[in-house]
Amino acid sequence: MKKTTLITLLLATLFVISFASCKKSKNKDLADSELLENEDLSKTPFDSTLVASFFSKHPLLKKYQDDVKSLYLKHEFHYLWYDKTGINEFANVLYNKVNNLAEEGIETMIPYKSEFDLIYEPQNDSKTPNIDSELLTTSLYYFYIDKVYHGLAPSKSDEMQWFLPRDKQSYAAYTDSLIIDPSLIKKDKKTLFSQYYLLKDQLKKYRQIEKKGGWDSITIPAGFKTLKIGDSVQAIAQVRKRLFLDGFLKNDSKSGIYDSNLADAVVKFKKTRGINGDKLLYGSTVNYMSTPVTSLIKTIVVNMERCRWVSKDIAKSKELIAVNIPAYELTYFKNGKVLMKSNVVVGKTLNKTVIFSAPMKYIVFSPYWNLPSSIINKEIKPAIERNSNYLAQHNMEWNNGRVRQKPGPKNSLGLVKFLFPNSNAIYLHDTPSKYLFSREKRAFSHGCIRVENPAELAEKIMEEDKSWDAEKIYEAMHAGKEKWYTLKNKIPVYIGYFTAWVDTDGNVAFYDDVYKRDEPLAALLFEK
């Protein structure tokens, strides 16, 4: 009996010990599983040698290898796109951004897109870190940065004869801030020149119009003449529909009569094409209206690329003078506000005005015009051979082996010039040929920029100098004796080339491509 009882007690004890041991083991497995699930994988390093092997397998992304390696060196080869829940928010935001590059005006193939898509499929086990997924996401992050923020290589913009300085900044600090707060990539509008984001909004608008079918070309009847309010032709209904689709009219009455409501819309349209805004409807205006929406989209995309070539810090300038060649317009900014605008005349096709920037240092009243050697050799010397009195008749003289025109109202530089010394020998100046400013297309100069309102520009620039006023400026301009004024603060002058531009009210204007530079750039941008 005692023996039986002893055996029973021994078996019971073994059972209790075994049960306790199993329970303890089970609890340990649960704890380990929970610990792994809650582990922050961004703290997990990976083998640094895997970077090189990744790019061997993904040669289309090899141009970003140095950037990727530098990024991970800085973060000691820890995972950037994973946290304790798996793929993090920043990675998902980036995935959407890369797959919507068209919204940024980028038409390109995404390298290894199918592999990239596979990482972010909902059914994929995205909690386990994968080195190829990690490095592919990082590489495509730099691909996105390259396409959206850098744009074409500087060598390509040089080919486009664009010599404004480009940003050379590193995006390492920007990357760090995004890792901390991924939402910045969705709302940041300070990474690029502000005009870029205004054009991006217009791109969205015109792509929506395109999806709905766009608009038809307007049929101009034979013998079309200028139309005025009250006239009626079949094309009027087409014009009305076209302006309605583009937002210049609130509704489409389908009327074929040219009424005042339509005339007001025509005036608005003309302003967006740099046309004098009267209420008459011309055949040339109708031709502009017939431009397909796909062409306008291409123009917007081309100019978004140009915005990538402009420093975002341009707006920080206390003062700034900007000239847009296709718009034939100068704008003077001060403290971020438009102080004045003026029509300008730019270089003709054979003497293109150069796209560059330089600081304005001097204003010269009653200036001499020192003729460039090219003009002396091509124009002046042949004229002297034909007419020995040519120089005297044009108020010119020889000066140290060069020809110059004396100050005065007939001087080709007018009564004042604004100098920003540069190797292109380009400057702003007055002109005696005032009639040219009434032309819609104003490419007539040898390369310099003629200003319609030079006296006003001088007054605005010098308004903080109490020793000068409008009367003294007028006297200096008409003195017949050259006088130099040195600016106390240099003013940056930017000469740019934008065939699409959005104003502060959100209205986009399209300008003629006077130097035919849009198509060569579009060919680079839409190259597959």
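Let me begin at one helix pair: Ala 455, Ala 458, Glu 459 and Met 462 in α17 meet Ala 470, Ile 473 and Met 477 in α18, where contact means heavy atoms within 4.5 Å. The model before you is predicted, so local features need pLDDT of at least 70, side-chain atom pairs count only at pLDDT 80 or more, and totals for chains, interfaces and linings use all residues. Residues are numbered from 1 along each chain as its sequence is written, and side-chain values use heavy atoms, with hydrogens and water left out.

To stay with these helices, α17 covers residues 454-462 and α18 covers residues 470-477. Their axes are 10 Å apart and the packing angle is about 130 degrees. The axes are lines fitted to C-alpha atoms, for helices over the stretch in contact, with angles running from 0 to 180 degrees between N-to-C directions. The two helices are therefore oblique to each other; angles under 35 degrees count as roughly parallel, over 145 as roughly antiparallel, 65 to 115 as roughly perpendicular, and the rest as oblique. The crossing of α17 past α18 is right-handed, meaning that the near helix is turned clockwise from the far one by less than a right angle.

Turning to the whole chain, there are 19 helices and 16 strands. Both are DSSP runs numbered from the N terminus: helices are H or I with at least four residues, strands E with at least two. Of the 528 residues, 44% are buried, that is, under 20% relative accessible area, with exposed being over 50% and partly exposed in between (1.4 Å probe, protein chains only). Among contacts between residues at least 6 apart in sequence, 69% join residues at least 24 apart.

I now come to strand β3, residues 319-324, in which five of the six residues are buried. Six bridges join β3 to the antiparallel strand β4, residues 329-334, and four bridges join β3 to the parallel strand β14, residues 483-496. Strands pair if DSSP finds at least two bridges between them. Ile 321 faces Tyr 332 in β4 and has Val 493 as its bridge partner in β14. Four residues separate β3 and β4 in their hairpin, and Tyr 328 in the turn has a positive phi of about 50 degrees.

Next is an open sheet of three strands, in the order β7-β9-β8, with antiparallel pairing. Its edge strands, each pairing on one side only, are β7 (369-370) and β8 (396-399). Between β8 and β9 (residues 402-405) there are four bridges. Helix α15, residues 373-386, lies across β7, β8 and β9, and runs at about 85 degrees to β9.

Which residue stands opposite Arg 404 in β9? That residue is Glu 397, and the side chains of Arg 404 and Glu 397 make a polar contact at 2.7 Å. A polar contact is a pair of N or O atoms within 3.5 Å; within protein, one must be able to donate a hydrogen and the other to accept it, and residues adjacent in sequence count only if both atoms are side-chain atoms. Arg 404 counts as buried because its relative accessibility is 17%. Beyond four places in sequence, its contacts include Tyr 368, Trp 369 and Asn 370.

Finally, Thr 431 sits in the loop between β11 (428-429) and β12 (443-445). At 2% relative accessibility, Thr 431 is buried. Its side chain reaches the backbone nitrogen of Ser 433 at 3.1 Å. Leaving aside neighbours within four places in sequence, Thr 431 contacts Ser 412, Leu 413, Gly 414, Phe 437 and Arg 450.
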